[in-house]
Amino acid sequence: MSYNFKETMNKPERLAPGHRMCAGCGGTIAVRNVLRGLHEGDKAVIGNATGCLEVSTFTYPYTAWEDSYIHNAFENAGATLSGVEGAYKALRKKGKLNDTYKFITFGGDGGTYDIGFQSLSGAMERNHDLVYVCYDNGAYMNTGIQRSSATPMYADTTTTPVGSESNGKPQNRKDLAAIIAAHDVPYVAQTTFVQNFKDLHIKSEKAIYTPGAAFLNIMAPCPRGWRYNTPDIMEICKLGVETCYWPLFEVVEGKWILNYEPKKKLPVEDFLRPQGRFKHLFKKGNEYLLEEFQKEVDRRWEELKFRCSRA
Amino acid sequence: MAKRDRLSGNEAVAIALRQINPDVFPAFPITPSTEIPQYFASFVANGQVDTEFIPVESEHSSMSAAVGASAAGARSFTATSSCGLAYMWEELYIAASNRLPLVLALVNRALSGPININCDHSDSMGARDAGWIQMYAENNQEAYDNMVQAYRISEHKDVRIPIMICQDGFITSHAVENIELLEDQDVKDFVGEYHPETYLLNPDCPAAVGPYSITDYYMEAKRNQAEGMKHVSQVVLDVAKEFEGISGRAYGLFEEYCMADAEMAVVMIGSAAGTTKDAIDRLREKGIKAGLIKIRLYRPFPASEIAEALKTVKAVAIMDRAEGYTNHGGPLGADVMSALYRAHADALAVNYIYGLGGRDIRVEDMEGVFEALKQIIEEGDAGETYRYLGLRE
Amino acid sequence: MATDITRLGVKANWRDLTEGMIIAGAGTSKDFNTGEWSTDKPEFIEEKCKQCLLCVPVCPDSCIPVKDMKRGAFDYDHCKGCGICVKACPFGAITMEGVK
């Protein structure tokens, strides 16, 4: 699949303005650019787990979606779209529908890694022809920045606050992309906002047009929860990739492919430093925490490279 | 031409579904409703239906997928029991508030704990305020007939509310009885095609379902939802009349058995009504004027109609197959007593909790209830109104 | 038939709400002006713009319209003034108070 940047930008907008996400939100940047993966003329039904995106993009009677849209509940975006896709198959089979529809559902990391995990797992295992997109900002931002199983180690959240006896979240984040890949679905990919969205666009298009279940994990920074300077989102994403904290990879029919390897892997502290949620790691005496964090990034990066080396 | 057969309640419901051929059926197994998706899966496997059968990973997902499918414009169905219904709780409210016409076959079973697989009504009684239509059956024939009528009620343009077609676990679902089935084509013609108005897969106009509602709208939304419920009783009666035309079997909001001159009556739901009818037959032979009201439509509750039917009754026993933990009785007891109060009825009323977790109810037990009513009439005092039947003391 | 949302203001009575709170149609949020949220807005200096369109995908609010491969003026009815586009522009064609 080729990528013509200007032609891609020239496509009709499928997320209307007037939604109520925060200024500078990474979530809607992810949504807009995923939806550009849809071919013009193809219709879509968009699903959505409860979260910031849902309460802000369909606040009655204002829907920001230019396609059909369904929000059901927090933990069932996978099952809900399974039903919609089942309806599509049934209506096509019975000759009641001729148009081509694609099915894409969005969930934050809370709705995806945690409470919606079973529903997602079921939808993936049954291999419905749909795409589940997780816009991963590493915490329950809608309810006020509580930790999720996607929250990185040591992050300061409202349920893992830094204190005299606490360095933030004690556990590492769950590797959800690998878990979904273990479902043996046709397509899994991880991406974020880099390379003028080439990586994200190509992966979205592949995910949408690969028959069967597909999963996209997109790092989508949250300026409130991460406490960085709002206009710096693109720089934050770039550092996530250049430090190998957020590697770009895909798993196609079970084959792991590394999409980008930095020429010079930057230390993870370059990614952490601009973020207020990691401020405590840069206090004197906490150098060992940064070392621990770096060790975990290195371990995961080596593991990923090993997986991708087995052609 | 009707066909006579011998079937269990689950098999009868599954056959009705084969005749209806719904678009989408997400399913998850739970005793005692499991047979419904099992039978149906074999219809799918043998090409007797062209339904999308989705074997999901939980009841929460079966109702979530049914909501998705229904919102998408498909005729949707699922089945469950007990804890499965409890696990769907959140989705029941969402299906109803989205005004999605879909059908749930509920095979009533006790809720945990302790875990128990046998019949009582604690599952559906807990869901009575979820905004669903609830319809109950005494036997497999009624379960089948209610299933055939379900979509006509739920999809009616003045209603558009999901419907729960309930039958008693094992007693009705697994016991094999004589039944009269309708011809496939008669059912298809009766149920008709589904034509939704606003739905996700409408190529001419997209739709957005499931908004966030700020306080300015929420209360108005709930009142708007309640309006649909107000039309249900009339639609149930209209559909029943039409159904009688093809089946010869008459249905109302509830069945009155020997009520014309009854001095004492029992109000109950489900299979124990058959036992109660036997008790009434025995008592009538002795000249005792006993009667029964067997509720078919429980939500919405036909309050004024029931009060009217009880107008001349001196004492009534309301039978709840579920605890309410109110210290003064169960949910049906509360509904009937408030109906009597609003109608300024004179009847003395008591409320029995019975049959929990499959506890057997015998003809003699029901004779005992009428004996108690007789005593209440004689004494002119209801005494303790919150009673248990069939409990080891 | 698309829903006429002008009838669904916060003073609408219960009969006027759409059945099941379902909206027929799409993109009705355009009628909600989030531009009022902030006074700081990016400024587009057209002479400096090379029409590279790098600012287009980074906007969380779809406020940089593109037509015939060229970007147009900012949609100030909806722009929340986050400043991301300022940083995305390699040619200094977008400026905003407080964003370097």
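Predicted model: local features only at pLDDT ≥ 70, side-chain atom pairs only at ≥ 80, totals over all residues.

User: What kind of peptide bond joins Ser112(B) and Gly113(B)?
Analyst: That one is cis, with omega about 0 degrees. The bond from Gly113(B) to Pro114(B) is cis too, with omega near 0 degrees. Pro114(B) also belongs to the loop between β5 and α6 of chain B.

User: New topic: what is phi of Asn127(A)?
Analyst: Phi of Asn127(A) is near 60 degrees, a positive value in a residue that isn't glycine. You'll find Asn127(A) in the chain A loop between α6 (117-125) and β6 (131-136).

User: And is His344(B) buried or exposed?
Analyst: His344(B) is exposed, because its relative accessible area is 70%, and the cut-off for exposed is over 50%. His344(B) isn't a glycine either, yet its phi is positive, about 50 degrees. This residue sits in the loop between α13 (331-342) and β15 (348-353) of chain B.

User: OK, on to chain C. What order do its elements run in?
Analyst: From the N terminus, they go β-β-β-β-α-β, which comes to one helix and five strands.

User: What's the radius of gyration of chain C?
Analyst: Chain C has 18 Å, while a compact globule of 100 residues would have a value near 13 Å. Its C-alpha trace spans about 55 × 30 × 20 Å along the principal axes.

User: How many of its residues count as buried?
Analyst: Of the 100 residues in chain C, 52% do.

Terms used:
Residues numbered from 1 in each chain as written. Chains lettered and ligands numbered in written order. Heavy atoms only, no water. Helix = DSSP H or I, 4+ residues; strand = E, 2+ residues; numbered from the N terminus. Rg over C-alpha atoms; globule rule 2.2 N^0.38 Å. Buried < 20%, exposed > 50% of the residue type's maximum accessible area, 1.4 Å probe, protein only.
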